[in-house]
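My notebook is open and the viewer is loaded. Here is what I looked up, entry by entry.

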Amino acid sequence: MPNPKDYAILFDASRCIGCKACQVACKQWNDLEAEKTENRGSYTNPPRLTAHTWISMRYYEGLRPDGDPYFDFIRGSCMHCTHAPCVVSCPTGAMAHREGGVVTVDEKTCIGCRSCVQACPYGAVHFDEARGVVHKCTMCYDRISNGDQPACVKACPTDALTFGTYQEIRALAEERVRVLKERGYARANVYGLAELGGTHVLYVLTEHPSQYDLPKAVREAEKRAATGWLSAGIAAAALGAGLKFIVERREALKGGGQ
């Protein structure tokens with residue numbers, strides 16, 4: 001579970017109007033190049049996250065069981081997981097948690113192995129062919145570490161995005177779900193409380209997470225991450241034991257005058 005004072009973002013699907021102001025603001029602030037796309041019969045564009053698109057709004061429309069039409073939106077981006085598989089899988093430590101629980105990548109130590117790309121259950125990490133490193137959302141760490149809001153949050157015209165401490169954001173999310181249920185949204189829920197140790201981006205949803213194609217492989221990713229931690233622990237223990245043996249052997253040789 002994140003530290004109560006960690007940074008966090010709330011995405012409230014019930015307040016989102018799908019305007020993509022967040023998507024544009026992310027591109028502008030992070031100087032991400034535009035991508036050539038085409039109409040695929042959906043407003044989701046680009047169709048997925050890439051090394052140059054760190055936020056992508058997804059659109060869902062259809063009819064509910066009672067016949068009422070719906071048009072829902074969901075934010076696709078890095079969730080800044082507490083038990084982040086991308087961090088565990090990185091062999092060089094380039095992908096790491098920074099102060100406040102934010103996950104970022106250090107381009108100077110990234111070797112472009114793409115282990116993190118494979119590990120992320122949200123498809124949020126991507127390889128930049130031109131630069132040979134991976135890129136993803138940084139939660140605008142350069143802004144929030146200086147007391148400002150992430151660019152996406154600042155650009156949102158409907159308060160569907162909120163930035164604060166994890167404690168504040170979680171309380172806001174849970175209160176919002178309570179209000180939505182009172183208004184008849186029986187399936188309203190908070191997504192991100194349990195996934196991967198708790199994510200630093202929480203979603204308020206009016207429907208079950210599967211309605212928004214939120215990844216079903218999160219549990220598997222969590223298991224893989226746990227396996228990775230266990231392997232790392234065993235490796236660290238073995239390394240420590242080896243070093244201890246060498247030091248003790250050296251001291252023994254000194255004591256024996258050899």
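**Contacts along the chain.** I started with contacts, meaning heavy atoms within 4.5 Å. Of the contacts in the chain with a separation of 6 or more, 60% are between residues 24 or more positions apart.

**Ground rules.** I noted that this is a predicted model, where local features need pLDDT of at least 70 and side-chain atom pairs count only at pLDDT 80 or more, while totals for chains, interfaces and linings use all residues. Numbering runs from 1 along each chain as its sequence is written, and side-chain values use heavy atoms, with hydrogens and water left out.

**Confidence.** I looked up pLDDT, the predictor's confidence in each residue, from 0 to 100. The chain's mean is 88, and 83% of its residues reach 70 or more. Residues 232-247 stay under 50, and the model has zero contacts beyond four places in sequence for them.

**Helices, strands and burial.** I found seven helices and 10 strands in the chain. These are DSSP runs numbered from the N terminus, with helices being H or I of at least four residues and strands E of at least two. Buried residues make up 46% of the 258 in the chain. Buried means under 20% relative accessible area, exposed over 50%, and partly exposed in between (1.4 Å probe, protein chains only).

**Helix α1.** Which residues of α1 (residues 21-29) are buried? I get C22, Q23, A25, C26 and K27. The buried residues of α1 pack against β2 (56-63), α5 (151-155) and β8 (161-165). After α1 comes D31, with a positive phi near 55 degrees.

**G76.** I found G76 in strand β3 (residues 69-76). G76 counts as buried because its relative accessibility is 6%. M57 is 19 residues from G76 in sequence, but their C-alpha atoms are 5.8 Å apart in space. Leaving aside neighbours within four places in sequence, G76 touches L49, W54, I55, S56, R58 and Y203.

**Largest pocket.** I read a volume of about 450 Å³ for the largest pocket. The elements giving two or more residues to its lining are β5 (103-105) and α4 (141-144). The lining has 21 residues, with W54, E107, R131, H135 and T138 nearest the pocket's centre. By class, seven are nonpolar, five polar and nine charged. Nonpolar covers Ala, Val, Leu, Ile, Met, Phe, Trp, Tyr, Cys and Pro; charged covers Asp, Glu, Lys and Arg; the others, Gly among them, are polar.

**Largest cavity.** The whole structure has four cavities of 30 Å³ or more, and about 110 Å³ of space lies in the largest. On a 1 Å grid over the protein atoms alone, a cavity is a set of points where a 1.4 Å probe fits but cannot get out, while a pocket is an open set with protein on both sides within 12 Å along at least five of seven lines; lining residues have an atom within 4 Å of a point. Points are joined across faces, edges and corners, and a volume is the space filled by probe spheres set on them. Of the 14 residues lining the largest cavity, C16, C19, C22, C156 and A160 lie nearest its centre.
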